[in-house]
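Subject: Structure for your review

Dear colleague,

Please find below a structure that I would like to hand over to you.

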Amino acid sequence: MNTLQLYKYTSWGLLLLNLSMIAFFFLTKPNPPMRDGARNFRPRGIELLQLDKKQQTEFIGLAEQHNQQMRGLNDQQRNLLEPYFYSLIDSTKMTDRENILNEVQQLERQKIETTFHHFQEVKSILKNEQQADFELFMTNALKVLLLDSERKPHPPKDF
């Protein structure tokens, strides 16, 4: 075998090796960690409160109702904040910034009160023996709701 043919086979071998290593890195890359959001908390909440089937149905209904209310309030807030920040781009559009900020503040207050009322409703569906579990439920719910500061930072992104 002459040297030209040896170099040709070696080049093809190295190319195959490189392609297989690249494929290996892409196929074995770990998935990003799952975020424990509000939707993922429902099964945990049902477990913590030890709800029966009827209570589970009520709990899920209350959660859906609360989510709809929060989406509506968030949409209202977004509609108020868009013109507020776009006024930086187009100064010809006059916006009453103070009035917008007051309305946003009222919406935030409404979101807090709605969430408080939601938790009161959840507490009202519990039986006497389940009331003791409510404290643990609230502790876990508040960690999700307030994005607990003890959370680990996300791993750096690959470039």
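Predicted model: local features only at pLDDT ≥ 70, side-chain atom pairs only at ≥ 80, totals over all residues.

The chain as a whole

The secondary structure of the protein chain consists of five helices and zero strands. Read from the N terminus, the order of elements is α-α-α-α-α. The chain has 159 residues, of which 25% count as buried. Its accessible surface is about 13000 Å², and carbon and sulfur atoms contribute 59% of that area. Among contacts in the chain with a separation of 6 or more, 69% are between residues 24 or more positions apart.

Helices α4 and α5

In general, a pair of packed helices is described by the distance between the axes and the angle between them. Helix α4 covers residues 97-124 and helix α5 covers residues 131-145. Their axes come within 11 Å and cross at roughly 150 degrees. Because angles over 145 degrees count as roughly antiparallel, α4 is roughly antiparallel to α5. The crossing of the two helices is right-handed.

On the α4 side, the residues that meet α5 are Thr115, Phe119, Val122 and Lys123. Their counterparts in α5 are Gln131, Phe134, Phe137, Met138, Ala141 and Leu145. Sorted by class, this contact has seven nonpolar residues, two polar residues and one charged residue.

Valine 122

Valine 122 belongs to helix α4. Its relative accessibility is 0%, so valine 122 counts as buried. Leaving aside residues up to four places away in sequence, valine 122 touches Leu49, Phe59, Leu62, Phe134 and Phe137. Two of these, Phe134 and Phe137, are also among the α5 residues in the contact described above. As for leucine 49, it is 73 residues from valine 122 along the chain, while the C-alpha atoms of the two are separated by 9.8 Å.

Methionine 138

With a relative accessibility of 18%, methionine 138 counts as buried, because the cut-off is under 20%. Methionine 138 and lysine 123 are 15 residues apart in sequence, and their C-alpha atoms are 9.8 Å apart in space. Both residues take part in the contact of α4 with α5.

With kind regards

How values were computed. Residues numbered from 1 in each chain as written. Heavy atoms only, no water. Axes fitted to C-alpha atoms, helices over the stretch in contact; angles between N-to-C directions. Helix = DSSP H or I, 4+ residues; strand = E, 2+ residues; numbered from the N terminus. Parallel < 35°, antiparallel > 145°, perpendicular 65-115°, else oblique. Left-handed = near helix turned anticlockwise from the far one by under 90°. Contact = heavy atoms within 4.5 Å. Nonpolar A, V, L, I, M, F, W, Y, C, P; charged D, E, K, R; others polar. Buried < 20%, exposed > 50% of the residue type's maximum accessible area, 1.4 Å probe, protein only. Areas by Shrake-Rupley, 256 points an atom, 1.4 Å probe, with all protein chains shown as cover.
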